[in-house]
Structures are given as structure tokens and as C-alpha cells.
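Here are my notes for you on this one, point by point. Have the model open while you read, and click along as residues come up.

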Amino acid sequence: MKVSVIGTGYVGLVSGTCFAEIGHDVTCIDIDPKKIEMLKAHKSPIYEPGLTELLERNIKAGRLHFSTGYESVASAQSIFLAVGTPSADDGRADLKYLRAAAEAVAKNLTDGAIVVIKSTVPVGTSVEIRKLIAEKTTKKFHLVNNPEFLKEGSAVEDFMRPDRVIIGHQDAGAMKVMEELYAPLVRQGNPIYGMSNLSAEMSKYAANCFLATKISFINEIARLCDLTNADIEEVRKGISSDKRIGGHFLYPGPGYGGSCFPKDVKALVATAEDYGMDLKIINATEEVNDEQKSYVFSKVKKHYGDNLTGKVFTFWGVAFKANTDDVRETAAIAMARKLIGAGATINIFDPVATENYLHEMSQYKECEGKIKAFDNKYDALKGSDALITVTEWREFTTPDFGEIKEKLNKPVIFDGRNLYDTKKVQAEGFTYYAIGKFIK
């Protein structure tokens with residue numbers, strides 16, 4: 001099948017590349033010429049495990065193409081809109097990129113084509129986009145919603161082996177085409193659910209907000225464990241063994257970030273407000289997460305006092321999660337700003353996200369000259385007063401504690417990801433702080 005994908009961000013690039021991998025003829029379109037030239041040179045603009053290899057293989061096989069123009073849309077049976085829908089100032093999803101992409105697609109459509117909204121969009125967007133396209137073309141087309149459920153860091157695996165595929169549609173023929181498109185990916189029996197466009201749009205937001213709620217829930221319970229001397233690791237095991245609860249997204253940390261959860265929580269709250277409804281649980285989820293991003297900082301202040309002038313802290317990890325270079329809404333931003341505001345300076349090491357983080361932090365004038373990057377995690381510790389783990393990269397999980405102790409001014413660790421065994425770290429002579437773990 002000939003497929004066009006509009007947008008080469010995480011969703012668009014992964015989707016297009018994986019569709020090519022299962023045999024479809026795919027053209028990915030983006031208005032950024034630098035990004036397209038980079039992709040034509042077999043280089044991915046994002047870090048995602050396994051993606052570069054798939055790019056190279058499918059470009060060489062002639063199944064994957066890249067363009068700044070919309071010419072391929074004229075022969076495509078399916079056109080995926082996978083552009084960004086960032087948060088506007090009021091928290092609502094900004095649909096300007098989606099509208100622009102839809103208009104450009106409309107001018108190039110062939111009769112019977114299926115336009116697929118892959119972007120995460122508020123409930124009712126399909127109605128608006130269907131009307132917009134109909135006003136720009138006389139060609140017959142179908143509009144489908146196909147929300148993505150990709151996790152950064154495992155997006156290729158998630159796409160190739162989906163838990164489920166959701167298709168929002170109004171036409172049985174369009175549904176059949178989408179089933180054929182995805183058939184190679186669900187041979188193990190995972191379901192393809194057909195539903196209304198509106199239900200598909202709601203399903204995406206509901207799923208992300210529920211997962212965000214689980215994260216805020218376990219973080220709040222962890223904070224209560226700190227007060228009561230219960231151990232969150234033991235509590236987590238105790239509750240996750242209940243099949244009704246499960247263990248996913250029940251790991252305490254510095255708060256969720258990334259491109260999806262923060263904006264999707266805000267957007268669902270805004271949608272509810274449009275209908276005169278207050279989403280109390282989702283509002284609380286966001287409030288708890290905002291507080292959590294300052295929780296490690298509160299432990300630092302408790303240890304050192306409010307004035308951190310002259311103190312140096314080393315962050316291991318600055319990406320919002322492991323296996324990605326994405327620093328959007330990462331806890332490392334809020335944490336660094338608070339530490340620097342109290343007089344400290346920051347050393348950082350991250351396997352892949354350093355450049356993106358430094359670019360992100362350059363917008364904060366108070367941080368200028370206060371953050372220093374290193375190419376080695378142990379070198380970043382030299383002269384520091386404490387180690388703060390921010391991202392759960394695997395290479396941080398079993399470090400040489402002797403070398404950490406040798407590099408630091410004093411042996412102090414603030415473990416924002418609960419990576420280490422309390423007894424082992426204390427036996428090594430460290431003052432150790434974690435999140436919700438009982439520490440004598």
C-alpha cells in the first residue's frame with residue numbers, strides 16, 4: 001500500500017519507518033528541509049533504540065522516502081497526519097500544525113483516499129478536520145482516527161507489537177483498509193478495535209491521563225512513606241501483585257515529563273472545562289506531579305539548609321526517562337533551576353540528552369554559566385558535594401561506589417529514581433536519600 005506520513009517527529013518517523021519495514025511504500029513529509037536532508041542521509045533526528053537501523057534498511061530497499069513536498073499524497077491510499085499538537089498558553093491543544101497539514105493534504109488528495117489523524121487531538125477534532133478538508137477538495141475521502149500508544153525509548157517495539165490498535169471511523173470500507181494495513185502487526189491475536197472517531201479521540205487522552213494518575217498516585221504514597229517510615233519498595237510489591245492494579249507505572253520518581261503526559265493532562269482538563277466539568281482527579285494528578293519535581297530539592301535543602309552558595313551537585317541523567325534524548329518537561333529542568341536559585345552550580349552527564357538539555361536550559365538566564373556538561377559519569381562527580389540520580393539509565397544502576405565516593409567531596413547521594421539498595425549504599429559509607437524508602 002502507498003502511504004504518506006505528514007510529520008517526522010517521534011510518532012510520524014517511527015510510524016512511517018515501521019510501515020515501510022512491513023512492506024508498504026512510504027513517503028514521510030516534513031516542512032523542515034534540514035530534517036529531510038538528514039533523513040535522506042540515513043540519520044535520525046531523534047534518538048530511539050533500533051530506529052536508525054530500520055531507517056537505513058528501508059531507505060536502501062526503496063520502500064522509505066522523504067520529501068518537503070506533498071506530491072506523494074496524490075497516489076497514496078492512506079495519509080497519516082502525525083504533526084505536533086503542543087499545549088497552548090491556556091493548556092488546550094494547539095491544532096494549527098494539524099490544520100495546516102490537513103489543508104495541504106486536501107489539495108493533493110486522490111478519490112477514495114483515507115486521511116488518518118495519528119496526532120493526539122481533543123475530542124471533536126475529527127469533525128473539524130473532516131469539514132476543513134471537504135471545503136478544500138471535491139474528492140471523496142474518508143477520515144479516520146488512529147491514536148498512537150508509543151512509549152519513547154521503546155517506540156519501535158511498541159509499534160511492531162502493539163497491545164491494541166484503535167481505529168475511529170464512520171465507514172466500514174475505511175475500517176477494512178486500516179485492518180489490512182495493520183494486519184502483519186497483529187498476527188499474534190492482539191485486537192484491532194473499531195469505534196467512533198470521537199471515542200477513539202477520547203480513548204487516547206483517557207489512557208495517557210490514567211497512566212499519569214498512576215505515577216502521581218505512587219509518588220504521593222512514597223512521600224507518605226517518608227513520613228511514616230514505611231518503605232515504598234515493599235508497598236509497591238504489596239499492591240502491584242493485585243491483578244486489578246498491576247505493576248506498570250508504579251515506580252516512584254521525580255515526576256513525569258516528556259511530550260505526552262504533561263500536555264495531554266492539560267488538554268483533557270481544558271476539554272472538560274469547555275463542557276462545564278471539573279476533572280478533579282486529573283487536576284490533582286497534575287498538582288501532585290508539579291510538587292514531585294521539587295521533592296528531591298526539598299531533601300537537599302533539609303540536608304544542607306536553604307543557602308546552597310558554593311555547593312556543586314551532579315545530575316546523572318537529564319532526559320525525562322531512559323532510552324530517549326527527549327528533555328521536554330524533564331524534572332531535571334525544575335530541579336536545576338531551584339538548586340541554582342539557591343546558589344548552587346550543576347554538573348551533568350547523560351548518555352544522549354546532554355545537547356538537548358543545554359539548549360533547553362539556555363532560555364533560563366539565571367542558569368547561564370551554572371551548568372557544566374561532562375562526557376563521563378564519574379568525571380562529572382569530581383568536586384561535587386552530592387550525586388543526584390534523575391534518569392533511570394541502565395548504566396547508572398550498578399556503578400562503582402568506591403569511585404563515586406572518591407570523586408565526591410563528601411559521600412552523599414540523592415537517589416531520585418530509587419536505583420540503589422539502601423543497605424548496600426549505607427554499607428559503602430554514603431549518606432543516602434531516596435523517595436519513600438525506609439532509611440535508618
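1. Start with Ser67: with 18% relative accessibility, Ser67 counts as buried, because buried means under 20% relative accessible area, while exposed means over 50% and partly exposed is in between (1.4 Å probe, protein chains only). You'll find Ser67 in strand E3, residues 64-67. Helices (H or I, at least four residues) and strands (E, at least two) are DSSP runs, numbered from the N terminus. Beyond its neighbours within four places in sequence, Ser67 is in contact with Thr27, Cys28, Ile29, Asp30 and Ile36; contact here means heavy atoms within 4.5 Å.

2. A word on what you're looking at: this is a predicted model, where local features need pLDDT of at least 70 and side-chain atom pairs count only at pLDDT 80 or more, while totals for chains, interfaces and linings use all residues. Residues are numbered from 1 along each chain as its sequence is written, and side-chain values use heavy atoms, with hydrogens and water left out.

3. Now the overall picture. The protein's secondary structure comes to 16 helices and 14 strands. Its radius of gyration is 23 Å, close to the 22 Å that the globule rule gives for 440 residues, so the protein is as compact as a globular protein of that length. That radius is taken over C-alpha atoms, and the rule is 2.2 Å times the number of residues to the power 0.38. Along the principal axes, the C-alpha trace spans about 70 × 45 × 45 Å.

4. How much of the protein is buried? Of its 440 residues, 53% count as buried. Among contacts with a separation of 6 or more, 74% come from residues 24 or more positions apart. The accessible surface comes to about 19900 Å², and 50% of that belongs to carbon and sulfur atoms; these areas come from the Shrake-Rupley method with a 1.4 Å probe, and for residues only the protein chains shown count as cover.

5. On charges, there are 56 positive and 59 negative side chains, and the centres of the two sets lie 2 Å apart. Lys and Arg count as positive and Asp and Glu as negative, with His and the chain ends not counted. The place of a charge is taken as NZ of Lys, CZ of Arg, CG of Asp or CD of Glu.

6. Have a look at helix H4, residues 96-106. Its buried residues are Leu98, Ala101, Ala102, Ala104, Val105 and Ala106. What covers them includes strands E1 (2-6), E4 (78-81) and E5 (113-117), plus helix H5 (125-136). As background, an α-helix has 3.6 residues a turn, so residues three or four places apart point the same way.

7. Val123 sits in the loop between E5 and H5. Val123 is partly exposed, with a relative accessible area of 24%. Leaving aside neighbours within four places in sequence, Val123 is in contact with Leu198, Glu201 and Met202. Val123 and Ser203 are 80 residues apart along the chain, yet their C-alpha atoms are separated by 9.4 Å.

8. Two buried tyrosines are worth a click. Tyr256, at 6% relative accessibility, counts as buried and lies in the loop between helix H9 (232-240) and helix H10 (261-274). Its contacts include Ala212, Phe261, Asn289 and Glu329. Tyr420 counts as buried at 4%, in the loop between strand E13 (412-415) and helix H16 (422-427). The side chain of Tyr420 reaches the backbone oxygen of Phe396 at 2.6 Å, and Tyr420 also touches residues including Trp316, Ile413 and Tyr432.

9. Then Asn347, in strand E10 (residues 345-349). Is Asn347 buried or exposed? At 8% relative accessibility, Asn347 counts as buried. Its side chain makes a polar contact with the side chain of Ser384 (3.3 Å). A polar contact is a pair of N or O atoms within 3.5 Å; within protein, one must be able to donate a hydrogen and the other to accept it, and residues adjacent in sequence count only if both atoms are side-chain atoms.

10. Last, some backbone angles. Asn229, in the loop between helix H8 (197-228) and H9, has a phi near 70°, a positive value in a residue other than glycine. Asn323 has a positive phi of about 70° although it is not a glycine, and Asn323 is partly exposed at 33%.
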